Amino acid sequence: MASRIIPVDVFDLVIFGGTGDLARRKILPSLLRRFRAGQMPKDARIIACARSPLDDAGYREAAAAAIAEFAGPEREDAALVAAFLGRLHYVTVDVTGDAGWPELAALMRPDAVRAFYFSVKPSLFGPIAERLHLRGIADADSRIVVEKPFGRDLASAHALNAALAEHFAERQIYRIDHYLGKETVQNLMAVRFANMLFEPLWNNHYIDHVQITVAETVGVAGRGSYYDGAGAMRDMVQNHLMQLLCLTAMEPPARFESDMVHDEKLKVIRALQPVPPSDIVFGQYAAGPDPSYREDVSNPESATESFIAMRCTIGTWRWAGVPFYLRTGKRLKARSSEIAVVFQKLGHRIFGESMESHRNVLSIRLQPNDGIDLQVTVKERGPGGMRLIDMPLDLTFADMAADQGEAAVDAYERLIMDVIRGDQTLFMRGDEVEAAWAWTDPILAACAEHDRKPQLYEQGSSGPDDALMLLHRDGRRWREIKG
Ligand code: NAD
């Protein structure tokens, strides 16, 4: 079955930072895939802007190199790549000065959707927004796309929001959290809200706890200077894990519409309780086969966490008494992201004490092998009495897509096309981001006050021992990190 392509309107997508790493690694390869899928209308254009003095031909050469390095198998199709490169244009623009803006303005077409992707450092968001507005390049229907990090605390996020709000309405601002573009994350909402089965059980009467894990095998080499000033809490928890928590915990919106979904997510963030330092474990990877964290960031004194585990609680009737355990880290044993909803034990065990260890677990895997499985307890086949085992009811979307001859759609492909369509559902609203920082800031401040230092952990492990204790002391265990 061919995937269903929902056509978008003719667009001019301007990428500020068009020669940067994100554009080369993600944005251009994603656009190539949408082009191959036939989703880009005939007259759609991509206009890259950066400081390098290039012309269209020079940029197309650079883009061809990026595609050769970072695109998937479609890069082998020379005719396809050549046709795609023909859609690319380039304007040399200094976003903090005056050069290049008149040329960019002259390229804009009145009848095309205008989208401006700010693939630059956040300190340039304000200057770009201002110039787009003052020079009349953006109109009331234009969209702007901004990347993470969106602030490093509430004050800086608020300042960024204010700088954008001076020139653009909230309905025009698309704050990317690429986790929201992942297929399984959307499927979490479908599973919850399109099935009779789960929603009646989705509360503290039936759910024991939730575990959200985002484990990476890579270290921070290459982005050390940024990472060392941020750490896992700012780089991963405040945004990605927070978004996963919100989608798991939110009340059903009245309709699946952008503002209604954002309103429900915001309520979850605001209901999150402060997390005391005793419910947080910081870790830092030690030297192992690869250099240590401190070597990676060239800071022998660094006390920044490359791992965090925490116990969160949500102050609502639905979730009273249900801990949400979050954990994320670098250089762990496998690359694996999942949300595991662990159901309670049965009240009465007709099969005796052997049932003690059996639980239903709904696991939503983001990577690898994105999919959902429900662990159910069944009888083991064969004679020998009533022996129980846990079996997964497995929906591996990657397999299903492959069976149907479809390639998996990358988060950036989906999100960029949502911008052109004008659908903000899978982006972060300004008040959501600020509420997430308002929750994060005091937690970090309390940890700093208690002088919480990260515990060293072995490369290729599941994190520091104290992280295991965080659950043990509640009589629970982390799920294994499996690749
Ligand atoms: P980069 O340093 O590789 O690229 C920055 C781009 O901005 C370059 O094209 C550069 O020419 C341009 N630029 C800088 N100053 C300019 C100016 N005054 N005028 C015009 N152009 C200017 O950075 P990147 O890795 O591509 O990241 C861009 C943004 O995306 C950052 O906010 C980053 O945090 C975010 N981000 C990047 C990644 C990634 O994988 N690289 C992932 C998530 C978020």
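Into which domains is the protein chain divided? The chain is divided into domain 1 (11–147) and domain 2 (180–411 + 428–472), with bounds that come from an automatic or database domain assignment. The C-alpha centres of domain 1 and domain 2 lie 34 Å apart. The model is predicted, so that local features need pLDDT of at least 70 and side-chain atom pairs count only at pLDDT 80 or more, while totals for chains, interfaces and linings use all residues. Residues are numbered from 1 along each chain as its sequence is written, and side-chain values use heavy atoms, with hydrogens and water left out.

The protein chain holds 15 helices and 15 strands, where helices (H or I, at least four residues) and strands (E, at least two) are DSSP runs numbered from the N terminus. Its C-alpha atoms fill a box of roughly 75 × 55 × 45 Å along the principal axes. The radius of gyration, taken over C-alpha atoms, is compared with a globule rule of 2.2 Å times the number of residues to the power 0.38; for 483 residues a compact globule would have a value near 23 Å, and the 24 Å of the protein chain agrees with this. Of the 483 residues, 53% count as buried, the term buried meaning under 20% relative accessible area, exposed over 50%, and partly exposed in between (1.4 Å probe, protein chains only). Among contacts (heavy atoms within 4.5 Å) between residues at least 6 apart in sequence, 77% join residues at least 24 apart.

Several loops carry local features of the backbone. Most residues other than glycine have a negative phi, and most peptide bonds are trans. Asn369 lies in the loop between E12 and E13 and has a positive phi near 50°. Arg331, in the loop between strand E10 (324–329) and strand E11 (336–343), has a positive phi of about 55° although it is not a glycine, and Arg331 is buried because its relative accessible area is 15%.

Met386 lies in the loop between strand E13 (371–379) and strand E14 (388–396), and at 47% relative accessibility Met386 counts as partly exposed. Leaving aside neighbours within four places in sequence, Met386 is in contact with Phe351 and Lys379.
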